[in-house]
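Let's explore a protein together, one question at a time. Take a moment to turn the model around before you read on.

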Amino acid sequence: MPKTIIVSNRLPVKISEENGKLSSKPSEGGLATGLGSIYKQGDNIWVGWPGMALTKGTHKKEVTRDLRKQNMKPVFLTAAEIEDFYEGFSNETLWPNFHYFNQFAVYDEELWKAYQKVNRKFAKELDDVIEPGDTLWVHDYQLLLLPQMIREHNPRSTIGFFLHIPFPSYESFRLLPWRRELLEGMLGSDFLGFHTYDDMRHFLSSVSRLAGLGNENGKITVDNRLVMADALPMGIDYDKYAESAASPDTLAREVRYRTSIGDVKLILSIDRLDYSKGIPQRLRAFETFLDMYPDFREKVSIFMVVVPSRDTVPKYRQLKEEIDLLVGHINGKYARLNWTPVHYFYRSFPLNALSAFYRMSQVALVTPMRDGMNLVCKEYIASKLDKKGVLILSEMAGSSKELSDAILINPNNINQLIEAMHTALTMPEDEQVKHMDIMQRSLKRYNIHHWVSLFMERLEYVKKSQEALRTKLLDEGLTNQIIGSYKKSKERLIFLDYDGTLTGFNLDPDESKPDEELKSILKKLTKDKKNNIVIISGRSRDTLEAWLSEFNLEIVAEHGAWIRRHGEKFKTVTKIANNWKSEILKVMEGYVNLTPGSFVEHKDYSLVWHYRKVETGLGEIRTRELISHMKYITTNRNLHVMEGDKVLEVKSSEINKGKGASVILDKSKADFIMACGDDSTDEDTFKAMPQNSYTIKVGSAASAAKYSVTSFYDIRDLLRKFTER
Ligand code: GDG
């Protein structure tokens with residue numbers, strides 16, 4: 001039976017060694033709980049590093065055996081790999097870059113090599129466990145290259161990827177020397193999940209700029225494979241935190257802690273030691289708060305837990321020293337015998353202690369400079385059983401997108417932060433309850449289990465969509481069937497769109513001219529007296545005439561506005577009004593003035609705005625503006641606004657390729673009819689074709705065509721086979 005494989009840098013256990021004896025402790029992290037419902041079932045498995053560098057072969061065997069029983073498989077890393085891959089490239093290159101701390105980022109070829117090597121090591125370990133039909137879910141920034149590496153050996157695998165940290169804007173991501181490789185690695189996935197819509201759109205923007213791949217609502221076509229990106233904010237195990245907050249152990253702890261601290265209001269701050277969390281900024285704001293509001297001295301304290309993390313990395317060590325100094329400074333300045341302004345703990349606590357801290361605190365101060373999501377603020381809310389308490393939350397945390405009932409602040413704005421503390425400490429209880437209630441409802445619903453099942457559903461949806469597209473894919477059997485019916489037929493009518501169907505898309509339109517290969521195909525096809533080949537294109541009749549006049553074929557130009565039959569000149573199909581042009585041209589020219597690199601092409605029955613030479617992004621924005629402008633002025637005017645590859649065309653609604661094709665179909669007695677096209681304008685052609693014809697779409701987008709192929713080369717191949725004996 002197909003299984004699910006979870007892959008992350010760390011396994012949800014930690015192995016430690018004492019006096020030569022190994023022991024393993026399960027980790028309590030939210031992810032471990034959420035994914036527990038998956039990896040503990042049947043043959044499912046979690047693959048990752050067990051958290052310790054083991055050198056002895058016997059130890060490795062023992063750990064492997066022990067973990068196997070718990071549905072886990074270890075990937076053993078050497079001390080050097082941990083240093084270069086984990087502490088190095090992951091935490092000193094990717095982490096700062098993705099959190100917009102580029103001044104801290106280290107660019108080192110050796111670290112990059114280690115990162116590739118360890119990702120490859122994971123891929124190798126996975127090769128031993130992956131079987132056809134398996135689903136893989138890869139986690140986080142340490143394994144960005146892994147999806148592609150898995151796909152190399154397992155091309156049909158279902159691969160999901162979730163990024164737990166922010167995906168930075170292209171302006172940050174582009175600084176990485178290995179940006180392309182990293183993106184390509186990620187694009188090996190079928191589905192990519194991010195915490196927020198902003199992370200998702202940043203990723204899509206990098207994909208467009210670096211890999212040249214556009215997207216339609218998050219769907220990207222990579223090597224003819226559909227890949228989808230989406231925003232799926234991670235939730236917490238709500239019930240676990242609510243239950244822990246109500247447990248007798250927690251209540252007993254709260255009484256003990258309260259007795260020691262006395263009757264002061266508490267502002268809670270809990271983070272891993274990390275510069276992205278804004279811990280010093282928070283302390284400085286609290287110091288100024290005490291300066292500005294002396295009435296609050298002796299009445300309020302910060303309760304600050306900093307969990308040790310990455311403290312072998314120099315930047316983290318420095319940060320620890322900075323926090324130590326600041327805490328010492330504030331306590332030295334304000335402390336009284338009966339009051340400590342900052343209660344500071346550099347260690348971690350058991351869950352019940354954490355729950356007691358959440359319960360005891362009037363305010364939670366969660367003010368990261370940047371955070372993928374931030375779970376602490378969600379846990380605080382779930383622990384507030386009486387709904388009393390106020391959350392101050394940084395806009396830079398992914399969770400701020402869901403928790404708009406918190407007091408949202410910009411962590412760089414110290415005055416705003418100070419005012420937020422004052423507002424929180426003086427907020428009436430009924431108001432606290434009102435906001436807390438709204439946030440609790442939302443977190444209860446979008447909990448970790450919901451997140452896990454949503455991720456799996458989305459992944460399955462992408463796989464099904466790929467499958468649906470594949471069933472239409474023109475395979476060898478279907479190809480032979482079409483060739484057979486072509487050969488048997490007495491009269492044939494073949495409609496061929498030009499750009500994207502017979503040639504690729506070129507930035508320079510001159511490069512789209514028929515090349516030698518295409519010329520030879522067209523020559524052979526048009527020589528056969530049984531064939532009527534029709535080129536049906538949006539291009540102007542002059543261009544098509546110039547490029548194709550040497551062949552004995554018919555032409556439908558400008559989306560059907562002009563038709564050239566055998567031995568005749570171009571004729572218009574209908575009498576089409578053109579009096580709309582001057583007004584539309586004025587508007588388009590306005591956009592040309594605004595947008596360097598753009599220009600307007602005049603066709604007989606349409607106007608086209610071209611932006612392929614405009615700065616990437618700007619062209620797209622201007623086009624969106626132009627579209628809404630056009631929609632407004634074309635209402636009730638029988639005009640049609642069409643988007644193409646880096647173009648926007650406005651034409652009369654009376655003209656479309658379907659109508660053009662119908663003129664030719666009407667008089668035809670062909671017993672073999674085929675139409676090939678690649679973009680939305682070809683859909684009209686497909687729809688105009690009779691039932692028994694062959695319609696073929698180039699590309700994977702939804703289409704009225706019966707079959708699909710992946711590239712214009714496939715169309716060329718098919719046409720070539722028609723003429724072979
Ligand atoms: C990354 C992203 C994203 C803290 N102190 C103790 C303790 N904790 C637990 C908290 C919470 C977890 O650690 C911290 O999670 P965060 O989400 O706040 O931050 P990161 O570790 O940076 O996580 C982040 C997350 O991935 C998930 O996608 O939200 O943005 O950076 O659960 O409760 N737990 C215990 N004792 C402590 O002293 N037991």
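A residue counts as buried when its relative accessible area is under 20%, as exposed when it is over 50%, and as partly exposed in between. Keep in mind that this is a predicted model.

Q: What percentage of the residues in the protein chain are buried?
A: Buried here means a relative accessible area under 20%. The protein chain has 725 residues. The buried share of them is 55%.

Q: How many helices and strands are there in the protein chain, and what does its C-alpha trace span along the principal axes?
A: The protein chain holds 25 helices and 28 strands. Along the principal axes, its C-alpha trace spans about 105 × 65 × 45 Å.

Q: Among contacts between residues at least 6 apart in sequence, what percentage join residues at least 24 apart?
A: A contact needs heavy atoms within 4.5 Å. Taking the contacts in the protein chain between residues at least 6 apart in sequence, the part that joins residues at least 24 apart is 71%.

Q: How far apart are the mean positions of the positive and negative charges?
A: The protein chain carries 101 positive and 99 negative charges.

Q: Is Glu558 buried or exposed?
A: Glu558 sits in the loop between β19 (554–557) and β20 (562–564). Its phi is near 45°, a positive value in a residue other than glycine. The relative accessible area of Glu558 is 4%, so this residue is buried.

Q: What is the phi of Lys387?
A: Most residues other than glycine have a negative phi. Lys387 lies in the loop between α14 and β15 (390–394), and at 24% relative accessibility it is partly exposed. Although Lys387 is not a glycine, its phi is positive, at about 60°.

Q: Why is helix α13 largely enclosed by the rest of the structure, and which elements are included in its cover?
A: Helix α13 (residues 351–360) is largely enclosed because eight of its ten residues are buried. Among them are Leu351, Phe357, Tyr358 and Met360. The cover over the buried residues includes α9 (238–246), α10 (248–261), β11 (265–272), β12 (300–307) and α14 (376–383).

Q: What is the relative accessibility of Phe162?
A: Phe162 belongs to strand β7 (residues 158–162). Beyond its neighbours up to four places away in sequence, Phe162 touches residues including Trp137, His139, Phe194, Leu232, Trp451 and Phe455. Phe162 counts as buried, and its relative accessibility is 0%.

Q: Does Thr135 count as buried or exposed?
A: Thr135 is in strand β6 (residues 135–139). Leaving aside neighbours within four places in sequence, its contacts are Lys3, Thr4, Ile5, Thr158, Met456 and Leu459. The cut-off for buried is under 20%. With 18% relative accessibility, Thr135 counts as buried.

Q: How far apart in space are His640 and Asn19, C-alpha to C-alpha?
A: His640 is found in strand β24 (residues 639–644) and is partly exposed, at 36% relative accessibility. Beyond four places in sequence, it is in contact with Glu649, Val650, Lys651, Ser652 and Ser653. His640 and Asn19 are 621 residues apart in sequence, and their C-alpha atoms are separated by 79 Å.

Q: How far apart in space are Ser16 and Ala53, C-alpha to C-alpha?
A: Ser16 has its place in strand β2 (residues 13–18), and a relative accessible area of 36% makes it partly exposed. Not counting residues up to four places away, Ser16 touches Lys21, Leu22, Ser23 and Met52. Ser16 and Ala53 are 37 residues apart in sequence, while the distance in space is 9.6 Å.

Definitions and conventions. Residues numbered from 1 in each chain as written. Predicted model: local features only at pLDDT ≥ 70, side-chain atom pairs only at ≥ 80, totals over all residues. Heavy atoms only, no water. Helix = DSSP H or I, 4+ residues; strand = E, 2+ residues; numbered from the N terminus. Buried < 20%, exposed > 50% of the residue type's maximum accessible area, 1.4 Å probe, protein only. Lys, Arg positive; Asp, Glu negative; His and termini not counted. Charge placed at Lys NZ, Arg CZ, Asp CG, Glu CD.
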